[in-house]
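Dear colleague,

Please find below the structure that I am handing over to you. My findings follow it, and I would be grateful if you would read them alongside the coordinates.

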Amino acid sequence: IMGSSFQYNITAGFRVVDAIQQTLVQNTAGLLKAGYNRKRLQIGTTSGNQSETPHNATQRAGGSMPVAAGGDSLAINGHTLFFEQGTIEPAFDPASLAIRGKGFFMVAENALPGARVFLTRAGNFKFDAEGRLVNQQGMFVVGGNGAARVDASGRTVGAPPLVTALPDGTVDLNTLTLANVGAPHQLQISGYGDTIYRVTDTSGPLKVF
């Protein structure tokens, strides 16, 4: 027989508190990260649970089978991102960029047709061995003079146009393609890190410019 509803709810409460503490630590550490945006947890409740006591166990085939016990417990229902204008500091690296105002840099996970595209506000870029502009994770910064084409699923139509270094080792800003979505706070953090975001159904599709 499983633990009581009370024990279940206490455990769920500790999980929520732990998640809040981790988020506070991440948001504090993010103050030192280029392009980091705060996230706020959405705390709600779940109706019922799968814990029970001997008094509410259902007798089947000579044994006790777990049934849902009443009562709500705290739960993390998701998170919301806050995109606030951060401080822009001068940089002497010709590959370091920043956006003042709305919008995101687009980064592709590879240079092949149909590459997935993600969004980021972190402009601490660098040039790879072939002179292509990449982020700290090695993803390619998308260019194309605003002509980059991306479908509703966030994949490039054809090979993504890449930004490359000029002969003097700088970036031609006119070649950069930026993007935005209707509801940025509904973007989701990707597996590439907490400053790289993926488009969701609720965020709306990419608007490239």
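The notes below cover the confidence of the model and then its salt bridges.

Please bear in mind that this is a predicted model. The average pLDDT of the protein is 76, and 60% of the residues score at least 70. Over residues 49–70 the pLDDT stays under 50; for this stretch the model has 47 contacts beyond four places in sequence.

Turning to charged side chains, the structure holds three salt bridges. One of them pairs glutamate 109 with arginine 116, where the closest N and O atoms are 2.9 Å apart. Glutamate 109 is partly exposed, at a relative accessible area of 22%, and arginine 116 is likewise partly exposed, at 34%.

Arginine 132 takes part in a salt bridge with aspartate 128, with 3.0 Å between the closest N and O atoms. Aspartate 128 is partly exposed, its relative accessible area being 22%. Arginine 132 also forms a salt bridge with glutamate 130, for which the closest N and O atoms lie 3.4 Å apart. Glutamate 130 has a relative accessible area of 61% and is therefore classed as exposed, the cut-off being over 50%. Through shared partners, these salt bridges join Asp128, Glu130 and Arg132 into one network.

As background, side chains of opposite charge can pair when their charged atoms come close.

With kind regards

Notes. Residues numbered from 1 in each chain as written. Predicted model: local features only at pLDDT ≥ 70, side-chain atom pairs only at ≥ 80, totals over all residues. Heavy atoms only, no water. pLDDT = per-residue confidence, 0-100. Contact = heavy atoms within 4.5 Å. Salt bridge = Lys/Arg side-chain N within 4 Å of Asp/Glu carboxyl O. Buried < 20%, exposed > 50% of the residue type's maximum accessible area, 1.4 Å probe, protein only.
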